[in-house]
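Dear colleague,

I am handing over the structure that we spoke about, and I would be glad if you could look through it before reading my notes below.

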Amino acid sequence: MSINDPFAAGVKLLRIFRVSGSGLIRDERGVLEPQADLLSTAIAVMGFVVFAALLSQAYQGYEDRSFTLENYESASLLAGNLAGDPAFRGEHPDLLSAEALDGLSGPEGKTERERLFAAFSGNYVFLVEIRTGDSRWEWRIVPDDSDPGMFLEGKDRVAASVPVVIELNPAESVPGTFTVVLYESGWI
């Protein structure tokens with residue numbers, strides 16, 4: 001038998017396996033069982049589920065950041081415009097008046113709040129927070145016609161602040177911040 005005759009070599013190999021009692025056809029050690037197929041399929045499916053969850057989280061994070069980036073400029077412009085509104089001013093045009101802030105945040109300031117928020121509330125859902133630098137005095141001005149659930153802590157929001165000086169009384173003025181908190185509404 002020569003090396004050039006593959007048929008003869010194959011026949012000789014077949015005879016060797018038949019003599020030893022373990023033929024190629026009868027040997028089932030290399031055959032996969034159905035349970036092994038199920039295990040590999042389950043691992044592949046779990047990998048796909050993990051990949052889909054990671055992809056979903058990445059998209060959600062992108063969406064949250066895009067809301068922040070798109071609306072920070074609006075919140076900053078609102079803060080700058082509202083801080084200069086005469087409704088917050090007292091006798092001195094360059095200072096916010098604590099007395100005016102008390103009136104706006106209290107029940108007697110409803111008409112002035114409506115006027116203040118009317119120009120912007122059609123497009124934005126926001127509230128105004130003013131506080132002194134030491135946080136001893138704080139005012140929160142919320143539109144009256146808004147849904148109370150709109151300003152919950154779990155909602156997406158963007159805040160922008162501008163520095164202001166608050167006149168607590170004619171003899172005392174303190175530095176503070178004027179903050180506009182813009183909330184994500186259903187249509188934004």
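In which helix is Val45 found? Val45 lies in helix H2, which covers residues 34-83; helices here are DSSP runs of H or I with at least four residues, strands are runs of E with at least two, and both are numbered from the N terminus.

Before going further, please keep in mind that this is a predicted model, in which local features need pLDDT of at least 70 and side-chain atom pairs count only at pLDDT 80 or more, while totals for chains, interfaces and linings use all residues. Residues are numbered from 1 along each chain as its sequence is written, and side-chain values use heavy atoms, with hydrogens and water left out.

**The surface**

Together with Phe48, Val49, Phe51 and Leu55, Val45 makes a nonpolar surface patch of about 520 Å². Such a patch joins nonpolar side chains (Val, Leu, Ile, Met, Phe, Trp, Tyr) within 5 Å, taken from residues with over 30% relative accessible area and no salt bridge, and the areas come from the Shrake-Rupley method with a 1.4 Å probe, where only the protein chains shown count as cover. Val45 has 46% relative accessibility and therefore counts as partly exposed, a class that falls between buried (under 20% relative accessible area) and exposed (over 50%).

**The salt bridges**

Side chains of opposite charge can pair when their charged atoms come close. The structure holds 5 salt bridges, each being a side-chain nitrogen of Lys or Arg within 4 Å of a carboxyl oxygen of Asp or Glu. In one of them, Arg115 meets Asp85 at 2.9 Å, N to O. This pair links distant parts of the chain, 30 residues apart, since Arg115 belongs to helix H4 (residues 110-118) and Asp85 to the loop between H2 and strand E1 (96-97). Asp85 is buried, at 13% relative accessible area, whereas Arg115, at 43%, is partly exposed.

Arg131 forms a salt bridge with Glu129 at 3.9 Å between the closest N and O atoms, and Glu138 forms one with Arg131 at 3.6 Å. Through shared partners, salt bridges join Glu129, Arg131, Glu138 and Arg140 into one network.

**The core**

The largest nonpolar core has 29 residues, and those with the most contacts inside it are Phe88, Ile130, Ile166 and Phe178; a core is a set of buried Ala, Val, Leu, Ile, Met, Phe, Trp, Tyr and Cys residues joined through side-chain atoms within 4.5 Å. Leaving aside neighbours within four places in sequence, Ile130 is in contact (heavy atoms within 4.5 Å) with residues including Phe88, Trp137, Ile166 and Phe178.

With best wishes

Terms used
Patches are made of residues with over 30% relative accessible area and no salt bridge: like charges are joined within 9 Å, nonpolar side chains (Val, Leu, Ile, Met, Phe, Trp, Tyr) within 5 Å. Buried means under 20% relative accessible area, exposed over 50%, partly exposed in between (1.4 Å probe, protein chains only).
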